[in-house]
Amino acid sequence: MLMLALRMLRHRIGSAVATLLALTCGVMILMSMGVMVESGMRFTPAPQRYGAADILVADRDMTIETTEFGETSTVTVDLPTGGSVPVTLAERIGQLPGVAVAAADRSIQAVVPIDDSAQGAVAHGWSSAALTPYRIVDGNQPDSTDEVAVDVRLATAAGAQLRPGDQIAVLAAGSVRQYRISGMVDRAAAGDTPSALFFTDDHAAALSGSPDRAGLIGIVLARGADSAAVTAEVDRLAAESGATVYTGTDRAGVEQSEALMAADMLIQLGSVLGGYVAGLVMFVVAGTIGLAVRHRRRDLALLRAVAATPGQVRLLVVAEVAQLAIVAVLLGIPAGLWATDWVHRQLMDRGFIPHGFPFDGGVLTAVAVSVATVLVAVSAALIAARRTVRIRPTEALGEIAVEPARSSLLRLFAGLLALGGGVTLTMFSTALRGQAGLGAALGMLFVFVLAAALLAPWINRYAAHVLGPVLRAVWGDSGYLAAANLRANAQGMATVLTALVLSVGFGGSIWFLQDNLDREAVAQTRDGTLAQHSLVSAVGCRRAPQRTPASCPASSPPHRSGVPR
């Protein structure tokens with residue numbers, strides 16, 4: 001039966017290629033989306049900036065209790081500025097036995113102009129250099145307010161030759177100052193952290209704007225210290241200040257919040273977009289296979305007429321489609337890995353995920369996609385061939401010769417009901433706002449696609465009747481035959497119409513949804529901004545060339561002062 005299926009495929013090259021193409025595209029897209037989800041789920045951040053710290057103390061979130069209808073609910077939200085802890089807490093922790101270093105770390109965004117380029121960096125106090133650790137490779141640590149230790153990566157990135165004793169300008173805390181380079185520092189361990197600058201602790205505290213507060217406290221234990229006992233004491237002191245203690249792998253979440261958010265985004269994006277695409281692709285694949293099997297119903301009926309059993313016909317259909325599905329998997333998985341690499345680069349270049357964020361996995365995704373593709377293909381083939389398999393051999397040829405003149409009234413009623421539901425959801429989507437309106441719009445799309453699928457035979461007949469004269473006038477006899485074929489096979493062409501409506505509906509929605517959301521966000525922000533002028537930093541518009549910040553619109557460039565021209 002397998003050899004017979006292969007021979008029959010050779011005589012049906014057109015339908016075989018169409019089915020293979022649909023299956024391959026489905027495997028490629030699902031493979032790419034699946035790797036995104038798998039990468040987000042596999043991502044385990046490792047401490048980098050605070051790699052040498054055994055314990056971190058920070059206040060990153062707050063808990064809000066609300067009472068509604070007599071029930072109390074608790075919600076934990078992240079603080080938008082990252083929170084802060086008192087510096088005195090670091091002094092108290094530093095006095096505990098077993099603590100070698102207890103450094104209050106402040107992270108101050110800075111810009112260093114070097115050779116007509118602006119290099120971004122993060123400034124800290126020198127005592128927090130031990131938390132990475134950073135070490136002096138040339139020169140000395142900063143000892144006065146006009147000195148700074150510079151990361152060797154700054155010189156490498158700018159192509160400059162910075163040395164101890166050189167003067168550099170640093171923009172930090174809204175002002176530009178000249179500093180003398182006291183030394184060059186480098187990380188003791190490799191990691192993907194921003195370039196660093198180190199001031200004296202007092203100067204870093206002054207630049208932070210809150211000398212008595214710090215972003216977090218990093219603790220390095222002494223050799224041989226009892227980690228559990230020290231952690232318990234630190235936890236007791238931190239609880240008094242409302243802070244939280246982080247140890248082990250939890251330390252990475254404090255410094256890599258952007259990477260963790262990127263992992264969550266990949267899971268959500270891959271799941272939602274992958275779900276939409278899976279529904280779209282699988283429906284198109286099922287329609288393509290169903291149409292191919294339907295076109296071969298005469299051959300299958302002939303096999304039934306010469307005493308082929310229903311099981312043999314099912315096996316023949318399954319064997320043909322299974323061979324195409326296996327070839328599609330072999331072609332689609334490498335294509336999906338290539339597409340995943342392209343998507344990975346695009347997400348990093350456009351700022352959706354941090355540079356260096358890993359895309360891992362692929363084996364589990366490949367297995368899942370392969371199994372799903374084969375199951376969908378085989379199921380679609382069996383459903384498409386069910387009518388031919390069920391009829392008796394003596395009735396096979398007569399049953400298959402002419403399509404039924406009338407379609408099911410139940411299908412017509414269900415289609416009209418779905419159409420009415422789509423119109424109702426359309427009115428709701430125009431009246432509602434926010435997430436409710438978005439949900440109604442997506443529901444409207446699903447219902448209209450369902451209505452098109454159910455009413456497809458009547459739509460095809462009406463279209464053939466209306467467009468028949470036009471097709472004949474444009475293409476002559478070919479147009480007339482096309483319209484006549486559509487009228488005669490209106491029910492068989494329902495799968496084609498459904499696939500087209502689904503492709504255009506879902507594809508158009510996914511393609512234009514983000515642009516519409518961005519446009520509406522810009523419009524609402526513009527309408528809600530009442531100021532006539534804006535005041536920005538000298539480097540307020542120094543961003544990536546592919547993105548224009550909202551504070552620097554091209555149509556209305558900001559003034560350097562709040563005074564009208």
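**Aromatic pairs and a kinked helix**

A search of the whole structure turns up four aromatic pairs, where rings of Phe, Tyr and Trp (its six-membered ring) pair if their centres lie within 6.5 Å, and planes under 30 degrees apart count as stacked, over 60 as edge-to-face and the rest as tilted. Take Y179 and F199: this pair is tilted, with 5.0 Å centre to centre and 45 degrees between the planes. Y179 sits in strand 11 (residues 175-187) and F199 in strand 12 (residues 196-199), so the pair ties together parts 20 residues apart in sequence. Strands (E, at least two residues) and helices (H or I, at least four) are DSSP runs, numbered from the N terminus. Both Y179 and F199 are buried, meaning under 20% relative accessible area with a 1.4 Å probe, protein chains only. W126, Y134 and F198 make up one aromatic cluster.

All this comes from a predicted model, in which local features need pLDDT of at least 70 and side-chain atom pairs count only at 80 or more, while totals for chains, interfaces and linings use all residues. Residues are numbered from 1 along each chain as its sequence is written, and side-chain values use heavy atoms, leaving out hydrogens and water.

Then there is helix 10 (residues 310-349), whose 40 residues reach 55 Å from first C-alpha to last, close to the expected 58 Å (1.5 Å times one less than the number of residues). Helix 10 has a kink of about 25 degrees at G332, shortly before P334; the bend is the angle between axes fitted to the seven residues ending there and the seven starting there. After helix 10 comes G351, with a positive phi near 80 degrees.

Definitions and conventions:
Buried means under 20% relative accessible area, exposed over 50%, partly exposed in between (1.4 Å probe, protein chains only).
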